[in-house]
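This report is for a reader who is new to the structure shown below. It takes up a set of aromatic rings, then the strands around them, and then the confidence of the model.

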Amino acid sequence: MPGLGDLFRGLMGARDPQNKDDMPPGAEPYYEYTIEPVDMKEGGHWLTAGIIRKEFEDGTREHHFVRGDRHGDKVIARGFSVTKGQQIIDLEGDRLFDQK
């Protein structure tokens, strides 16, 4: 049964990172974060790129990343982007949102 927190999150437009219905297509939950791979092509290759999101009391924060890894296949690049996002979260945690 949903609680008051769920009601307020729904009213304020907040997403539940564990509910795949609330996520953009292709996004993956990872702990309390959401990792969304971004299709980015350069010089005939797909790059490792994505957006890491997390809900905070003051709203959703995002961290965009692009790495130098190149892939010949878009599906492989998307999968690698999720893995790279997980590594970034494991190394930085919430500190990644403080970087400018």
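## Aromatic rings and their surroundings

Y33 and F97 are both buried. The model is a predicted one. For F97 the relative accessible area is 9%, under the 20% limit, so F97 counts as buried.

Three aromatic pairs are counted in the model. Two of them involve F97, as the table shows.

| Pair | Arrangement | Centre to centre | Angle between planes |
|---|---|---|---|
| Y33 and F97 | stacked | 6.3 Å | 10 degrees |
| F56 and F97 | edge-to-face | 5.5 Å | 80 degrees |

Because Y33 belongs to strand β2 and F97 to the segment after α2 (74-92), their pair ties together parts that are 64 residues apart in sequence. F56 lies in strand β4, so its pair with F97 ties together parts 41 residues apart in sequence. Through ring pairs, Y33, F56 and F97 are linked into a cluster.

R61 lies over the face of F56, at 4.3 Å from the ring centre. R61, in β5, is also the bridge partner of K54. Strands β4 (residues 45-56) and β5 (residues 59-71) pair in the antiparallel sense over 11 bridges, and they form a hairpin with two residues between them.

The average pLDDT of the protein is 83, and 74% of the residues score at least 70. Over residues 1-15 pLDDT stays under 50, and the model has six contacts beyond four places in sequence for them. Where pLDDT is low, the predicted coordinates should not be read in detail.

Methods. Residues are numbered from 1 along each chain as its sequence is written. This is a predicted model: local features need pLDDT of at least 70, side-chain atom pairs count only at pLDDT 80 or more; totals for chains, interfaces and linings use all residues. Side-chain values use heavy atoms; hydrogens and water are left out. pLDDT is the predictor's confidence in each residue, from 0 to 100. Contact means heavy atoms within 4.5 Å. Two strands pair if DSSP finds at least two bridges between them. Helices (H or I, at least four residues) and strands (E, at least two) are DSSP runs, numbered from the N terminus. Rings of Phe, Tyr and Trp (its six-membered ring) pair if their centres lie within 6.5 Å; planes under 30 degrees apart count as stacked, over 60 as edge-to-face and the rest as tilted. Buried means under 20% relative accessible area, exposed over 50%, partly exposed in between (1.4 Å probe, protein chains only). A charge sits over a ring if NZ of Lys or CZ of Arg is within 6 Å of the ring centre and within 35 degrees of the ring normal.
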